[in-house]
Amino acid sequence: MNRENRLRIALTKGRLLDKSVELFTAMGLDCTPIEHPGRRLVHAIPNYPLDAVLAKAPDVITYVEHGVCDLGIVGKDTILEQGRTFYEVLDLGFGKCRFALAVKEGSDFYGTYQTRRIASKYPNVARAFFEKKGMDVDIIKIEGSVELAPILGLADAIVDIVETGATLRENGLVPIEDVAQVSARLIVNTASMKLHKEAIEDFIARCEAELERRA
Ligand code: PRP
């Protein structure tokens, strides 16, 4: 916290951002600047010593890990895929979804001895899942709209995020197994946790109080 005694938090842009802002507002933080961000990526919270940085999920981890951000809010999906070193201090309870193994409706995924091909945006998560089963599979990394891979015949199955299940359904796919549960997490840089203990503990306590109120 080199920065005039202000903590810096990296927030994941997209689906988690609105929920993060909702949480902060309920904690008493004035989030007006983040609610109307324009193209600006760094926003000072006027009534709390915190600057918010808007970043893509994998970059949230990178910034926190390198200590240029003290804190971060990121999905467990990205944490499971990227791993690396930081403290995961709170399950924030929003952004809930799951990783599932899904196949084309009617296909018998386990009914063959041939090596299965698995498409995923999360190759490490997929690899770990099948390693645990002792199953040898080929993993194909896809950047998005992974549901296309089985439709086009590129893969026998996908490991992907399922939230409502609509994307799978509308593409003729069915989930056959849960891989992991996902939700937004508060992460903290390991050095910041020691160096700015008081400030970080105050922030965590405010988060916890709001989460308890919601429970
Ligand atoms: C995610 C995920 C699924 C979809 C699941 O994709 O990869 O495609 O959401 O949501 P549902 O169960 O509610 O239908 P995202 O929209 O993030 O885009 P992507 O496919 O380009 O990664």
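Strand E1 is mostly covered, with 5 of its 6 residues buried. This is a predicted model. E1 spans residues 7-12 and belongs to an open sheet of 6 strands. A separate listing of 5 strands, also an open sheet, includes E6 and E9.

**Six-stranded sheet**
- The strand order is E2-E3-E1-E4-E11-E5.
- Pairing within this sheet is mixed.
- Strand E2 (42-44) and strand E5 (87-91) form the edges, each pairing on one side only.
- Neighbouring strands here are turned by 25° against each other on average, direction ignored.

**E1 and its partners**
- E1 pairs with strand E3 (residues 50-55) in the parallel sense, over 6 bridges.
- Along that pairing, Arg 8 stands opposite Asp 51 in E3.
- Thr 12 stands opposite Ala 55, also in E3.
- E1 and E4 run parallel too, joined by 3 bridges.
- In this second pairing, Ala 10 faces Gly 72 of E4 as its opposite residue.
- In a regular strand, side chains alternate between the two faces of the sheet.

- Helix H1 (residues 15-26) lies across E1, E3, strand E4 (71-75) and strand E11 (184-188).
- The direction of H1 is at about 140° to E1.
- Helix H9 (residues 197-214) also packs on the sheet, where it touches E1, E3, E4, E5 and E11.
- The direction of H9 makes about 25° with that of E5.
- Both H1 and H9 therefore have E1 among the strands they meet, and 5 of the 6 residues of E1 are buried, meaning under 20% relative accessible area.

**Five-stranded sheet**
- The order is E8-E7-E9-E6-E10, again an open sheet with mixed pairing.
- Strand E8 (137-141) and strand E10 (173-182) each have a single partner strand, so one side of each is left without a neighbour in the sheet.
- The twist averages 25° from one strand to the next.
- Strand E6 (residues 97-104) and strand E9 (residues 157-162) run antiparallel, joined by 5 bridges.
- Ala 102 stands opposite Ile 158 in E9.

**Nonpolar surface patch**
- Leu 148, Ile 151 and Leu 152 make a nonpolar surface patch of about 300 Å².
- Ile 151 is found in helix H6 (residues 148-152).
- Ile 151 has 37% relative accessibility, so this residue counts as partly exposed.

Note on methods:
Residues are numbered from 1 along each chain as its sequence is written. This is a predicted model: local features need pLDDT of at least 70, side-chain atom pairs count only at pLDDT 80 or more; totals for chains, interfaces and linings use all residues. Side-chain values use heavy atoms; hydrogens and water are left out. Two strands pair if DSSP finds at least two bridges between them. Helices (H or I, at least four residues) and strands (E, at least two) are DSSP runs, numbered from the N terminus. Axes are lines fitted to C-alpha atoms, for helices over the stretch in contact, and angles run from 0 to 180 degrees between N-to-C directions. Contact means heavy atoms within 4.5 Å. Patches are made of residues with over 30% relative accessible area and no salt bridge: like charges are joined within 9 Å, nonpolar side chains (Val, Leu, Ile, Met, Phe, Trp, Tyr) within 5 Å. Accessible areas come from the Shrake-Rupley method with a 1.4 Å probe; for residues, only the protein chains shown count as cover. A salt bridge is a side-chain nitrogen of Lys or Arg within 4 Å of a carboxyl oxygen of Asp or Glu. Buried means under 20% relative accessible area, exposed over 50%, partly exposed in between (1.4 Å probe, protein chains only).
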